[in-house]
Amino acid sequence: MPLISRAEIAVFEKRVQLPMVLLILERDREWIRKSPFKLKAPYLELLDRAIERTKSDLAETIDLMRANGMKVRRGSKDDNFSEYVFCHGGYEDHRRYLNIRLKNAVEDRLRIYLAAAAKSF
């Protein structure tokens, strides 16, 4: 039996990915705000709703982790891999992720948040 369950790993991975999603959304919002688009409002509204939802989910994830004594630390990073240390129940699980895998996972989450924001109109 693994020391940290799959459900807990999913929470840890969400904690790693959501700040990346938030950073991308905020940078894109700023880029659109400064761009020469004639009708910026619809894009900005979409991004604002996605940012709100992402912040809310990140806060929920942080609260869940805090309530269950879960912590995540960033380990080493190189051109190909990023390492994270997941701590829970007195155990540490060192996980290395391919940077391209992280990028793809963040893109998937970004699509989810943008789709949810679009549906909320």
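Biologist: How do I read the crossing of H1 and H2: left-handed or right-handed?

Modeller: The crossing of H1 and H2 is left-handed (the near helix is turned anticlockwise from the far one by less than a right angle; clockwise would be right-handed). Note that this is a predicted model: local features need pLDDT of at least 70, side-chain atom pairs count only at pLDDT 80 or more, and totals for chains, interfaces and linings use all residues. Residues are numbered from 1 along each chain as its sequence is written, and side-chain values use heavy atoms, without hydrogens and water.

Biologist: At roughly what angle do the axes of H1 and H2 cross?

Modeller: Two packed helices are described by the angle and the distance between their axes. Here H1 (residues 6–34) and H2 (residues 41–67) cross at roughly 155 degrees, and their axes come within 9 Å. Axes are lines fitted to C-alpha atoms, for helices over the stretch in contact; angles run from 0 to 180 degrees between N-to-C directions. H1 and H2 are therefore roughly antiparallel (over 145 degrees). Their contact has 17 nonpolar, 2 polar and 9 charged residues. Asp, Glu, Lys and Arg count as charged; Ala, Val, Leu, Ile, Met, Phe, Trp, Tyr, Cys and Pro as nonpolar; the others, Gly among them, as polar.

Biologist: What order do the elements of the protein run in?

Modeller: From the N terminus on, α-α-β-β-β-α. That comes to 3 helices and 3 strands (DSSP runs: H or I of at least four residues, E of at least two). The C-alpha trace spans about 55 × 35 × 20 Å along its principal axes.

Biologist: Which order do the strands of the open sheet have?

Modeller: Strands of a sheet pair through backbone hydrogen bonds. The order here is E1-E2-E3, with antiparallel pairing (at least two DSSP bridges make a pair). E1 and E3 (91–98) are the edge strands, each pairing on one side only. Neighbouring strands are turned by 25 degrees against each other on average, direction ignored.

Biologist: How many bridges join E1 to E2?

Modeller: 5 bridges join E1 (residues 71–77) to E2 (residues 81–88). Lys 71 stands opposite Cys 87, and Val 72 has Phe 86 as its bridge partner. E1 and E2 form a hairpin, with 3 residues between them.

Biologist: Which element gives the most to the lining of the largest pocket?

Modeller: H3, with 4 residues. H1, E1, E2 and H3 (99–119) each give two or more. The lining has 6 nonpolar, 2 polar and 3 charged residues.

Notes: Parallel < 35°, antiparallel > 145°, perpendicular 65-115°, else oblique.
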